[in-house]
Amino acid sequence: MSQVPSAERPPLVRRPVFWLLLIAAVLVVVIAVVLGFALGAPRGGDAATMAAPTSAPRATTDAATAPATETASPADQTGVVIPATCDGIYTRDWSGDLAPRVLNPAWVSDPARGFKRYGSNDVGLVTMLEATTRLECNWVPEGGATHLFLVTGVAQLTPEQQGSILDHLATTDMDCYDESGGTRCVIEREESETWGESHFVRDGIWIATRWGVSGPSGYTADIVAAIFG
């Protein structure tokens, strides 16, 4: 008895099951790609955090730079700089002329000694010197305070402060006149003891000197030459 030949199966690509599996695989790949982008993209909060460093340093730099222009000191505006130490305000050694006074002996800085003198005895000028003095140079005896002394304060003034100082000096008993591109005011009195003051104001710099017993000639002029050239 002869066998009936079995029907020939169609190729795999022609079977419906093949196409269903292929479509399913493609969908899985597409879904995986979409999910990958969704999970990998920075969220709103993260994006803001990542963007912050690019702008924050610039804002900090601008904030640090702007005040330097708005609050420029008188020294910046005029190019005149007050020396850091008393040695810088003289063009020569004054120790011989001022002996037995010496410059800033150790006891001057001792709070227990209570030494504090300004380059004026005028209450209004002393008040301004307390707020504006940048350098104090005290010539006093090595052993302690006596009637023999010379103190110089170098102050830095705003244009408004300079105008106020000049107006106040004009109301005192001092003789004021133009000198070396600025204003010089001086006074000397012989009362129970001889004393005197010298004030020089120019370009936001105030050189205030007060002395007892004696003051050497040319002292203020030398300071002016050292600071202003």
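Me: What makes the meeting of the side chains of Arg92 and Asp97 a salt bridge?

Reply: The N to O distance between these side chains is 3.1 Å, and a salt bridge is defined as a side-chain nitrogen of Lys or Arg within 4 Å of a carboxyl oxygen of Asp or Glu, so the pair of Arg92 and Asp97 qualifies. The model is a predicted one, in which local features need pLDDT of at least 70 and side-chain atom pairs count only at pLDDT 80 or more, while totals for chains, interfaces and linings use all residues. Residues are numbered from 1 along each chain as its sequence is written, and side-chain values use heavy atoms, with hydrogens and water left out.

Me: How do you know whether Arg92 and Asp97 count as buried, exposed or partly exposed?

Reply: The term buried is kept for residues under 20% relative accessible area and exposed for those over 50%, with partly exposed in between (1.4 Å probe, protein chains only). Arg92 has a relative accessible area of 40%, and is therefore partly exposed; Asp97, at 40% relative accessibility, is likewise partly exposed.

Me: How many salt bridges does the rule find, and what makes Glu136 and Lys116 one of them?

Reply: The count comes to four, and Glu136 and Lys116 are included at an N to O distance of 2.7 Å between their side chains. This pair joins distant parts of the chain, 20 residues apart, with Glu136 in strand S2 (residues 133-141) and Lys116 in the loop between strand S1 (101-103) and helix H5 (123-132). Such elements are DSSP runs numbered from the N terminus, a helix being H or I over at least four residues and a strand being E over at least two. Glu136 has 30% relative accessibility and so counts as partly exposed, as does Lys116 with a relative accessible area of 47%.

Me: What do the accessibility values say about the salt bridge of Glu179 and Arg184?

Reply: The side chains of Glu179 and Arg184 meet at 2.9 Å, N to O. Glu179 is partly exposed because its relative accessibility is 23%, whereas Arg184, at 13%, counts as buried.

Me: What makes the opening at Arg184 part of a pocket, and what is the volume of the largest pocket?

Reply: The search runs on a 1 Å grid over the protein atoms alone, where a pocket is an open set of points with protein on both sides within 12 Å along at least five of seven lines, a cavity is a set where a 1.4 Å probe fits but cannot get out, and lining residues have an atom within 4 Å of a point. The largest pocket has a volume of about 260 Å³, and 16 residues line it, those closest to its centre being Arg184, Val186, Ser198, Trp211 and Pro216. Two or more lining residues come from each of strand S5 (182-190), strand S6 (194-202), strand S7 (205-212) and helix H7 (219-228), and S5 gives the most, with four.

Me: What makes helix H7 largely enclosed?

Reply: Seven of its ten residues are buried, so H7 is largely enclosed by the rest of the structure. The buried ones are Tyr219, Thr220, Asp222, Ile223, Val224, Ile227 and Phe228, and they pack against helix H4 (95-98), S2, strand S3 (149-156), S5, S6 and S7. Just after H7, Gly229 takes a positive phi of about 80°.

Me: How do you know that the side chain of Thr172 makes polar contacts?

Reply: A polar contact is a pair of N or O atoms within 3.5 Å, of which, within protein, one must be able to donate a hydrogen and the other to accept it, and residues adjacent in sequence count only if both atoms are side-chain atoms. A polar atom of the Thr172 side chain lies 2.7 Å from the backbone oxygen of Leu169 and one lies 3.3 Å from the backbone nitrogen of Met174, so these distances fall within that limit. Thr172 is in the loop between helix H6 (159-170) and strand S4 (175-179), and counts as buried at 18% relative accessibility.

Me: Why is Met174 called buried, and which residues does it touch?

Reply: Met174 is called buried because its relative accessibility is 11%, and its place is in the loop between H6 and S4. Contact means heavy atoms within 4.5 Å, and, leaving aside neighbours within four places in sequence, Met174 is in contact with Leu125, Leu169, Cys185, Val186, Ile187, Glu197 and His199.

Conventions. Grid points are joined across faces, edges and corners, and a volume is the space filled by probe spheres set on the points.
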